Amino acid sequence: MNKSQYKLAVVSALSLGVLSGCGSGSSDSNSSGPTVINWTQGEFQSSRNFQQQCQALNEKHWLRSWSNETYLWYDEIVDRDPALTDSVADYFKLLKTEEITNSGANKDNFHSSLPTPQWQAQSQSGITFGYGFKTKLISPTAPRQAVISYTEPNSPASRANLTRGFEIIEVDGVDFVNASTQEDVDTINAGLFPKESGKVTSFAFKSVTTSEIREVTLTAQSIATQPVTNVKTLADGSVGYFQFNSHNAVAEKPLYDAFNTLKNNNITDLIIDIRYNGGGFLQMASQVAYMIAGDANTNNKIFERTIFNDKHPVFNPVTGERLEPVLFTDEFVGFAENPSLNPGTKLPTLNLERVYLLTTSSTCSASEAIINGLRGVDIEVIQIGAGTCGKPYGFYATDNCDVTYFTIQFTGENNKGFGEYADGFAPQNTVNTERLPVRVSGCAVADDFTRQLGDPDEALLATALNYRETGSCPIPTSTASLQGFAPSQQSDTPKVIDTRAITFAEQNKVLPKADNE
Amino acid sequence: MKSTFGICILSSTLLLGCTASADKPTPKLQHALLQEPQSELIAQGIARLMRSNNIAVAKDVFMQRSLMVVDNVTKTDELGNPIMGRQLNMPDRFELLIKNDLCFVRHLDSKATEPLPNVKCKVNNK
């Protein structure tokens, strides 16, 4: 085994998406020499014939065959001769559907790739590099607006007394709001999205409530994030509330604890704040849904049926396993192997018939699966806030020639066979002509940065509590509050963007207003 | 799984090689804990193991437990949402091991193993 093969093997071993490739004997294909490849429209060789053959034409043919085999909408890809496109990256951009949804948005907004070493640089679950504040980027171009949505305890940000509701004004001496040159925006990106510990950055913030200016210098470090926080009871103890930020591996135990706490408090209603939860492990979403709804509502029912393209009705084309629906999970799985709780331990449940979910456009993927999964078993979901992102899709990260590709490979349907929510879920009274979300009971309310999360007077939480009492939504005080998001302005100035995640392929994303609260 | 298996064999061979070169019987690989926080060296070791860029780990990694879990949930797209927001597979796990006073980090599923020459660890008796 030579060095490059060893490297490939390690990379393969650490990516499920590649594990199946290993099974097919990828190392054998390395031995084949330069290949003359003929392209015939509509005829496809197996992707294995081109796997890890790192010449541009071979890579493009691998992408073509792999997409034909696994892309969810493979039959909507226009088959083009790979030899006629200059680069591998450019060819990959073409290997997606160009269809649009009924609302006019791109059907596929999630087609992307990353250098494999960058993708493989995982994080210890729950650990990020940073300062300990999470920002909501309302407008990435000038005039920019970004507000701290919450801070992590025991972090540089919390030690500097920064809280939700501080707007970024300046980063390392650069005007965050109005910077117009790429050089200045690069400085902002480097400061705002540090790639390693020790990065020192000076910030100026302004409070959205008091207009106080706060100048601080923060040093980036490894931050232990808390996926589940603010577990409490409200309304004389009858309503449970908690903030659920991520379906990451370390969230399982605190979720278990949160539901146990609320169960012991005999709550009769539950509000889960998933406004900044972009998803993660799907099975964890099924655990949350079970802990809300209980055995009687979920027994032997499907939380989500995973569906690949019609070439793979029985077996998962990536893992080779027989396709089995994800049921409502009633036991502790052990994502992070917690020593105090064994896998198989029965989960607590609140046995509720309805749940209130606080959402924004950052509520995505596995979080949306909770909504869809519960609706599939007739649990009433009451949605307060803004429309969700609309991502009923998933993929396996798949490496070829040191690039990891993400192409939509599966979608999910609930117990009723429903899974069409590419425009997200939105409260019933949302006014939004740009998207066609699935309407859900509840109220459209703009995210309220003037109050801390968990504060009963914060607009989303206050609306949920009021809706529970009256069944009515507040009269909108602004277009933003009726839409559930603050309209943003877009300009042709450089974007502030998390360069740690920037992709090779342009994602050609439509940025509807709903995505820019 | 050929490549994964290959790693397993390679790792085992390397470790057995260590054993064979020793003059006296040596203990088997055992789970370990760090003697002092050395998160930078752990992060570098995992990065070498994975042939990847830098890894984010907690300051107290492997101080209380011999196992750590990594996931990609923090990797976000340009809208700030996780790329892998709907993950079907389980997360990757790594363990800290010790043998002959040398510490190793090992990927639990593949058994790919990386020595950590400057790391000070001890047998985990918990």
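This is a predicted model: local features need pLDDT of at least 70, side-chain atom pairs count only at pLDDT 80 or more; totals for chains, interfaces and linings use all residues.
Five bridges join β11(A) to β12(A), residues 239-244, and the two strands run antiparallel.

**The six-stranded sheet**

- The strands β11 and β12 of chain A belong to an open sheet of six strands, whose order is β11-β12-β13-β17-β18-β25 (chain A) and whose pairing is mixed.
- At the edges of this sheet stand β11 (228-234) and β25 (442-444) of chain A, each of which pairs on one side only.
- Neighbouring strands of the sheet are turned against each other by 20° on average, with direction ignored.
- Helix α9 of chain A, residues 252-264, packs on the sheet and touches β11, β12 and β13 (269-273) of chain A, and the direction of α9 makes about 5° with that of β11(A).
- Helix α13 of chain A, residues 459-470, lies across β11, β12, β13, β17 (354-359), β18 (380-385) and β25 of chain A, and runs at about 140° to β18(A).

**The four-stranded sheet**

- Another open sheet is formed by four strands in the order β16-β15-β22-β19 (chain A), with antiparallel pairing.
- The edges are taken by β16 and β19 (393-394) of chain A, each with a single partner strand, so one side of each is left without a neighbour in the sheet.
- Strand β15 (residues 302-307) and strand β16 (residues 326-327) of chain A are paired in the antiparallel sense over two bridges, and A:Leu327 in β16(A) is the bridge partner of A:Ile302.
- Between β15(A) and β22 (residues 410-413) of chain A the pairing is again antiparallel, over three bridges, with A:Thr306 standing opposite A:Gly412 in β22(A).
- Two bridges join β19(A) to β22(A) in an antiparallel arrangement, where A:Thr411 in β22(A) is the bridge partner of A:Tyr393.

**The pairing of helices α10 and α12**

- Helix α10 (residues 282-293) and helix α12 (residues 366-375) of chain A pack at an angle of about 40°, with their axes 9 Å apart.

**Domains of chain A**

- Chain A is divided into domain 1 (3-120), domain 2 (127-224 + 489-515) and domain 3 (228-306 + 327-392 + 415-483).
- Six residues of domain 1 of chain A are in contact with six residues of domain 3 of chain A, and the domain 1 side has, by class, two nonpolar, three polar and one charged residues.

**Local backbone features**

- A cis peptide bond, with omega of about -5°, joins A:Ala142 and A:Pro143, and A:Pro143 lies in the loop between β4 (133-139) and β5 (145-151) of chain A.
- A:Asn351 has a positive phi of about 55° although it is not a glycine, and A:Asn351 lies in the loop between β16 and β17 of chain A.

Key:
Residues are numbered from 1 along each chain as its sequence is written. Chains are lettered from A and ligands numbered from 1 in the order in which they are written. Two strands pair if DSSP finds at least two bridges between them. Axes are lines fitted to C-alpha atoms, for helices over the stretch in contact, and angles run from 0 to 180 degrees between N-to-C directions. Two residues are in contact if their C-beta atoms, placed from the backbone, lie within 7 Å. Domain bounds come from an automatic or database domain assignment. Ala, Val, Leu, Ile, Met, Phe, Trp, Tyr, Cys and Pro count as nonpolar, Asp, Glu, Lys and Arg as charged, and the others, Gly among them, as polar.
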